[in-house]
Amino acid sequence: MVTAFAPGKCILFGEHAVVYGQPAVAVSIDAGVEVTIRESNSWILEGMPFEPSRHPHISHIINDIFDYTGKPLKIDIKSGLFSAAGLGSSAALSNSMGAALHQLVNPDEPLDLISLARIGHSAEANAQKGRASPTDTATSALGGCVVVSGERVKGTQHVFDATLETPEGSRSWSICRASLPQVDDTWIVLGFTGIGSPTGRMVAGVAELIEREPQKMDDIRAIGEITSSGLDSLSEGDMESVGFAMNSCHEKLRNIGVSCPEIESLISAVENHSLGTKLTGAGGGGCMVSLTRHPRRVAECIEIAGGKPLVSKLGSGGARIL
Ligand code: PMV
């Protein structure tokens, strides 16, 4: 029997602008997905017969990546993430499954996190018709703070490059690590609106807006600048300035039409107790994030305002065998 864990992620800066080549900064969070696999007489997922077509991430990893021909497996999944909330739950599932199967097939080979990030990205791309940025899978595999961008970002440590053939042509990204400060008095609190985040629709909506109003590209460029200054503040451990940059980033995200009343209501509920607040991920639902020194109070305010809170340190560890 093997159990593996891979964390979810929170985008601190740069969502949507990353689609236009600007950098995005994400951190892994404490919660994630645990996968346990054990050999069995038949293929079972969560107590039911395994139907590969209904679980493209898992079947891609088993068949295409590992070319697994061993005994049937009983697969159990425990998730601590809200799904379709922009927290990277499908990336965490792919990475966790990849890590567990690696350990079962090659018990003497240590888990290589870059290979795992590539496996996860391949599973995401396979399940999303060739369109998947490596942000979620890289952050979940490597842990800590990850910067994804079209070009290598100054002040970060380059880890690997990813390329993908998409229906729109070949895309490539540089994946770097950024150092996180040793702060033990600041947390992030995610607030789920309860509404699934429609990533594809939101990305398409921004593209249409820019076509209609080309000056909106100024907001995209501004997000890129805010992301760079937010990243500098983060590596200096200046959490007040990180919060300030998060607020500015949210203003620009609002300008490009990706916030929604439910996100705004959770943000209003917590902003007095936060260093900074913004939507995180695609918007239009999904989650907001608060950077705070009062995580319990912020979590309570989110609950009172009708959201579901999740408290985390910034950038806990990456994928691992348990
Ligand atoms: O909601 P998520 O975590 O899938 O974030 C989407 C981030 C976007 O920038 C909106 C899209 C992308 O592919 O980077």
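Helix α7 (residues 239–255) lies across strands β10 and β11 and runs at about 45° to β10. Helices here (H or I, at least four residues) and strands (E, at least two) are DSSP runs, numbered from the N terminus. Angles run from 0 to 180 degrees between N-to-C directions, and axes are lines fitted to C-alpha atoms, for helices over the stretch in contact. This is a predicted model, in which local features need pLDDT of at least 70 and side-chain atom pairs count only at pLDDT 80 or more, while totals for chains, interfaces and linings use all residues. Residues are numbered from 1 along each chain as its sequence is written, and side-chain values use heavy atoms, with hydrogens and water left out.

**The open sheet and its helices**

- Strands of a sheet pair through backbone hydrogen bonds, either parallel or antiparallel.
- Four strands make an open sheet in the order β10-β11-β9-β12, with antiparallel pairing; two strands pair if DSSP finds at least two bridges between them.
- At the edges are β10 (276–280) and β12 (308–312), each of which pairs on one side only.
- From one strand to the next, the twist averages 20°.
- Inside this sheet, β9 (residues 187–192) and β11 (residues 287–292) pair in the antiparallel sense over six bridges, and I188 stands opposite L291 in β11.
- Helix α8 (residues 261–270) also packs on the sheet, where it touches β9, β10 and β11, and its direction makes about 15° with that of β11.

**A hairpin**

- Look next at β7 (residues 157–166) and β8 (residues 169–178), which pair in the antiparallel sense over nine bridges.
- These two strands, β7 and β8, form a hairpin with two residues between them.
- Within the pair, D161 stands opposite S174 in β8.

**Helix α2 and its two partners**

- Two packed helices are described by the angle between their axes and the distance between the axes.
- Helix α1 (residues 56–65) and α2 pack at an angle of about 25°, with their axes 10 Å apart.
- That makes α1 and α2 roughly parallel to each other (angles under 35 degrees count as roughly parallel, over 145 as roughly antiparallel, 65 to 115 as roughly perpendicular and the rest as oblique).
- The crossing of α1 and α2 is right-handed; a crossing gets that name if the near helix is turned clockwise from the far one by less than a right angle, and is left-handed if anticlockwise.
- On the α1 side, H57, I58, I61 and I62 meet S90, L93, S94, M97, G98 and L101 in α2, where contact means heavy atoms within 4.5 Å.
- The residues of this α1 and α2 contact divide into six nonpolar, four polar and no charged (Ala, Val, Leu, Ile, Met, Phe, Trp, Tyr, Cys and Pro count as nonpolar, Asp, Glu, Lys and Arg as charged, and the others, Gly among them, as polar).
- The axes of α2 (residues 89–105) and α3 (residues 113–127) come within 9 Å and cross at roughly 125°, so α2 and α3 are oblique to each other.
- Residues S90, A91, S94, N95, G98 and A99 of α2 make the contact with L116, G120, A123 and E124 of α3.

**One cysteine to find**

- C301 sits in helix α9 (residues 295–304).
- C301 counts as buried because its relative accessibility is 17% (buried means under 20% relative accessible area, exposed over 50%, partly exposed in between, with a 1.4 Å probe and protein chains only).
- Leaving aside its neighbours within four places in sequence, C301 is in contact with A269, V270 and H273.
- C301 and H273 are 28 residues apart along the chain, and their C-alpha atoms are separated by 9.3 Å.
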